[in-house]
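User: I would like to learn how to read a protein model one feature at a time. Please start from single residues and work up to the whole chain.

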Amino acid sequence: MLLIDLARTSAAVASDPARLAKIRHLAELLGRVGPDEAEIAIAYLSGELPQRQIGVGWRSLRDIPEPRQVATATLAQVDALLERIKSQSGPGSQAARKTLLGELFGAVTRQEQSFLQRLLTGELRQGALDGVMIEAIAKASGVPSAEVRRALTLRGWLPAVGAAALRGGVEELRAFHLEVGRPVAPMLAQSAPSVTAALEKIGGPAALEWKLDGVRVQAHRSGDQVGVFTRTLDDITAQVPELVEAVLALTETDLVLDGEVIALRPDGRPEPFQVTAGRVASRIDVARLRQTVPLSVFFFDALRAGGVDLLDLPDEERHAALTAAVPESLITPRIVTADAEEGETFFADAVRRGHEGVVVKAPGTPYAAGRRGAGWIKVKPRHTLDLVVLAAEWGSGRRQGWLSNLHLGAFDPATGGFVMLGKTFKGLTDELLAWQTEQFLGLAQGPTDDWVVTLKPELVVEIAFDGVQRSSRYPGGMALRFARVLRYRPDKRAEDADTVETVRALMP
């Protein structure tokens, strides 16, 4: 299949707001893709690469060659070139990547170049999320969507599941099973504004667990072999020797556990998230880092124990299996209650200790891997700030033609200026996108055809966020975590925005 077929389908999916129409566009293409290219097609249309990361960012894509006039590049050819780009390492690798990128972009048309740019930079936001793609795969292959979801639970990589469905239907999908050493997509949680609201939604007694501000991990053990994977299914076994040793110390030798690793201070409070994330991401001198930034592990679920798959069992039974296999010191603190006051007290204590909040779990919930199951509800304290919009970026995909990604700044009374704290496009509705684009164009300082449009610092926006972390990326040395737009504040002047010192006081 030609890459241009995907680029055209992507454009159709992005321009058609109806979910059923998106499914129809995707299913039509998947019905035509060959078996050897199905996994590539599903990955690309989902905004992912089979290679995960290839070491290419925006800067690498600034100077691309003139496009071809006729589309001839196949998916297999493009994938092979991306594989070669990823394989470059050592001295001269940057120049080699640039040469190969030039070869790739010089072999495709302008529409394909645009598609590849957005794919490689993670900007392919066209509405083909897992739920839509699952339905498209089911439609194209003629299998029930429940079978696709079940296989995804066990395989954890939708392109491989989709390729199997297209190739062999239900029979091939049912060949997937939980394998020790092969991670599954983690179960995710919905949100609620309070523990009381979460308990009301569940409608009875529920388990409440601390929500740690660490890195989600899935630990697999088979005999003396241990593998550790992130929520994105990347193998980090070599980077977390503390976790490996903890799992090897267990009596049980056939296990799959779900949990978090976290860097704790001597007083037991968590280090800022980027400390944990930086330690887990580092592949260099892990033994030395272990001494300076030791990791602790806490498990909260068991997907397999004693040679038995537990995914379909209710939460309370899986937790019983967890407590039977793992010592209490390695288990996330938990209570079971239907009392809202007791739950709110537990939540407040978790937050006081520096953690993100709690996860409220219905006792009868099976493990819905890869989905935001209704039986898991996260509750976090919501911080808000009034910040000033300093600039905005032109959007792509569904946001094409709108100024979207906001550059956010806090007021600095000492200088009368503003200090940038980060960017966000989260929480923006179509109405807000249209409104703010019109407003921004009237506040533009300089050209409006550049990717980033600088604005007069006049508009105040209320931003919700999960915390403040240290960051060398921005001049103030800090950045907001998971910032999202709540509303604009036309009642406030720019100088009424929250100050740099107010933000700094929120840092751990």
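User: In which loop does Leu233 lie?

Analyst: First, the ground rules. This is a predicted model, in which local features need pLDDT of at least 70 and side-chain atom pairs count only at pLDDT 80 or more, while totals for chains, interfaces and linings use all residues. Residues are numbered from 1 along each chain as its sequence is written, and side-chain values use heavy atoms, with hydrogens and water left out. Helices (H or I, at least four residues) and strands (E, at least two) are DSSP runs numbered from the N terminus. Leu233 lies in the loop between S4 and helix H11 (241-248).

User: What is the phi of Leu233, and is the residue buried or exposed?

Analyst: Phi of Leu233 is near 75°, a positive value in a residue other than glycine. For accessibility, buried means under 20% relative accessible area, exposed over 50%, and partly exposed in between (1.4 Å probe, protein chains only). Leu233 has 15% relative accessibility and therefore counts as buried.

User: Where is Phe482, and is it buried or exposed?

Analyst: Phe482 sits in the loop between strand S17 (478-481) and S18. Its phi is also positive, near 55°. Phe482 is exposed, because its relative accessible area is 51%.

User: How do I read a sheet, and what is the strand order of the open sheet of five strands?

Analyst: Strands of a sheet pair through backbone hydrogen bonds, either parallel or antiparallel. Here two strands pair if DSSP finds at least two bridges between them. The open sheet runs S4-S3-S5-S6-S7, with antiparallel pairing. Strand S4 (225-230) and strand S7 (308-309) are at the edges with a single partner strand each, so one side of each has no neighbour in the sheet.

User: Over how many bridges do S3 and S4 pair?

Analyst: Strand S3 (residues 215-222) pairs with S4 over six bridges, in the antiparallel sense. To locate one of them, take Val217: its bridge partner in S4 is Thr230.

User: Which strands pair with S9?

Analyst: Strand S2 (residues 206-211) pairs with S9 in the antiparallel sense over five bridges. In that pairing, Trp210 stands opposite Val358. S9 also pairs with strand S10 (residues 372-379), again antiparallel, over four bridges. Strand S9 (residues 357-361) is mostly covered, five of its five residues being buried.

User: How do I read a helix, and which residues of H16 are buried?

Analyst: An α-helix has 3.6 residues a turn, so residues three or four places apart point the same way. In H16, the buried residues are Leu432, Leu433, Gln436, Thr437, Phe440 and Leu443. Seen down the helix axis, they fall within an arc of 130°, so they line one face of H16; the arc is that of the directions from the axis to the C-beta atoms. The face turned away from the buried side carries exposed Glu431, Glu438 and Gly442.

User: Against which strands do the buried residues of H16 pack?

Analyst: They pack against strand S11 (383-394), strand S12 (403-412), strand S14 (452-454) and strand S18 (484-488). Contact means heavy atoms within 4.5 Å.

User: What does His319 touch?

Analyst: His319 lies in helix H14 (residues 315-325). Not counting residues up to four places away in sequence, His319 touches Glu209, Phe300, Ile331 and Arg334. At 13% relative accessibility, His319 counts as buried.

User: How many helices and strands does the protein have, and how compact is it?

Analyst: There are 17 helices and 18 strands. The radius of gyration is 24 Å, close to the 23 Å that the globule rule gives for 508 residues, so the protein is as compact as a globular protein of that length. That radius is taken over C-alpha atoms, and the rule is 2.2 Å times the number of residues to the power 0.38. Of the 508 residues, 52% count as buried. Among contacts with a separation of 6 or more, 71% come from residues 24 or more positions apart.
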